[in-house]
Amino acid sequence: MKTVLITGTSSGYGRATALYFHSQGWNVIATMRTPRADVLPESERLRVVELDVTKPESVTAAFEAAGPIDVLVNNAGVPSISVFEGTPMDRVREVFETNTFGVMATTQAVLPLFRERGSGVVVNVTSSVVLGHMPLSAVYKASKMAVEGFTASLALELAPFGVQAKTVEPGACLTTNFAANATNGMPLDELVPAPYALWAKKTMDDFTGQALFTKESDVAETVWRAVHDATGQLRFPAGPDALWLAQAK
């Protein structure tokens, strides 16, 4: 019986992925910055562990509590929708701390185990923003593009040891908390300076009116496929809109 550790499982793609792996008979270490027992079912094969990927001591404690694992899924992330000119640098750093440096921290924590054992898979969940040019996402896209490049190079470093690194690129989903959390509590008019306001509104209207969207189950199933893929594929678009972007690219 194999074990997967998934970050950011309190909602959205992370929660769906935890439920999917559990349904397939795996042991699941479901990590959350603020643990909640009510979002996942009670099971001997599912443990909720506290993990804040931006704090080194939390990363160390979480992996010690988890014990040996076979797969790491780096799903934890913070959304960001803004015009770059109106985005405070503190917010930029916050996005990178979780979306980029947090991924690197948890990956570095697990690599000695995987390398010494000669097996293991790291799946880094990025975003379909890496597949196309999307406005209002300069900071978010930059943080996710960094993970794409990191993963591609990491895969080459780990291959001689039988360890794999891959990315899953989810499309946009209407049932997650992405939009609600994307401003981090800041008034939208502060993140969108007045000269950009009309353009930004049209951009958002066009986005919400698109025909294709991703479901949480699309991402969970794609993570599962990435973990089990033996073809050497590095990137896995997840959801019909992500697939469309990948094909167009």
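Modeller: Valine 4 stands opposite valine 28 in β2, and this pairing belongs to a set of four bridges that join strand β1 to strand β2 (residues 27-32), the two running parallel; strands count as paired if DSSP finds at least two bridges between them. This is a predicted model, in which local features need pLDDT of at least 70 and side-chain atom pairs count only at pLDDT 80 or more, while totals for chains, interfaces and linings use all residues. Residues are numbered from 1 along each chain as its sequence is written, and side-chain values use heavy atoms, with hydrogens and water left out.

Strand β1 also pairs with strand β4 (residues 71-74), again in parallel, through three bridges, and here isoleucine 6 stands opposite valine 73. Strands and helices are DSSP runs numbered from the N terminus, with E over at least two residues for strands and H or I over at least four for helices.

Together with helix α1 (residues 12-23) and β2, strand β1 makes a right-handed β-α-β unit; a crossover is right-handed if, with the strands pointing away from the viewer, the path from the first strand over the helix to the second runs clockwise.
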